[in-house]
Amino acid sequence: MPILGFVGVAFRKVFGSRNDRLLKKYYKQVDRINAFESEVRGDFDARFAAASAKVPLAKDDDNDVAAAERAAELQKIRVELSRDLQDRSAAMRSRLEQGHPVDDVLPEAFAVLREASRRAQNHRHFDCQLVGGMVLFEGKISEMKTGEGKTIVCHLPSYLKCIQGKKVHIVTVNDYLVQRDAEFARPIFELVGLTVGYIQSQVDPGGREGIRATAYGSNITYGTNNEFGFDYLRDNM
């Protein structure tokens, strides 16, 4: 084996591969995120249980309208009881505006969004999903297997970008997933004071009805690459 090859093998055995070193760095941040969890959660579960007990159950379980009305009422309660998350969001936004390094804000931001996801959709991000979120936030490619939760991983960097004062476009592959993912994300981001919209190919394609303008006016907009691309061309022709 050439001497340089031998040195390279020895170096990787001692210090690990570049990927190992990156993961080690990310998991240090994961520890910081997890340290915020109990503080961010607080007594929400007890308060929500007490408040939701006053909302009557739907008399007919098969009545979609009644079930939707109850779900909307419960979401109102979640939003009202999540003012702590909205206050934290405002405080972090202020710190970033004052020049605080984003790496110092990231652990608390990810902890806040994870708690919002748990409250709104009962989806708590696992540690590996936190790592995926950090990879995306750095503008890198995060490769994840089917079933590992890519749908909610993108919520983490999107939230942090939003409290940096930026708008976010989330690109997925077809109109069905655009609507599904946006409607899943909306109640999560509502708890932290952000709005979610989406665009579809057959909805207001010329932009004359104002539907697309409203969607683009949201903090986070879901769409396909085709629709974002053609809207860009329309705006610049």
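View 1. On one side of α2, Lys24, Lys28, Asp31 and Ala35 are exposed (over 50% relative accessible area, with a 1.4 Å probe and protein chains only; buried means under 20%, and partly exposed lies in between). Leu22, Tyr26, Gln29, Val30 and Ile33 of α2 are buried. With 18 residues, α2 reaches 26 Å from its first C-alpha to its last, close to the 26 Å expected at 1.5 Å a residue; the expected span is 1.5 Å times one less than the number of residues. Helices (H or I, at least four residues) and strands (E, at least two) are DSSP runs, numbered from the N terminus.

The model is predicted, with local features needing pLDDT of at least 70 and side-chain atom pairs pLDDT 80 or more, while totals for chains, interfaces and linings use all residues. Residues are numbered from 1 along each chain as its sequence is written, and side-chain values use heavy atoms, leaving out hydrogens and water.

**View 2. The largest nonpolar core.** Tyr159, Phe189 and Tyr222 touch the most other members of this core, which has 41 residues. A nonpolar core is a set of buried Ala, Val, Leu, Ile, Met, Phe, Trp, Tyr and Cys residues joined through side-chain atoms within 4.5 Å. Elements giving two or more residues to the core include α2 (18–35), α7 (102–121), β1 (168–172) and β3 (220–224). The most come from α7, with 9 residues. Not counting residues up to four places away in sequence, Tyr159 touches Ser89, Met92, Ala109, Val112, Leu113, Phe189, Val192 and Leu194. Val55, Leu74, Ile77 and Leu81 are among the 6 residues of a second, separate core.

**View 3. Pro187 in helix α11.** Pro187 is placed in α11 and counts as buried because its relative accessibility is 15%. Leaving aside neighbours within four places in sequence, Pro187 is in contact with Gln75, Ala120 and Gln121.

**View 4. The largest pocket.** Its volume is about 550 Å³. Among its 18 lining residues, Leu136, Lys150, Cys154, Ile170 and Val171 are the closest to the centre. β1 gives the most to the lining, with 5 residues. On a 1 Å grid over the protein atoms alone, a pocket is an open set of points where a 1.4 Å probe fits, with protein on both sides within 12 Å along at least five of seven lines; lining residues have an atom within 4 Å of a point.

Notes: Contact means heavy atoms within 4.5 Å. Grid points are joined across faces, edges and corners, and a volume is the space filled by probe spheres set on the points.
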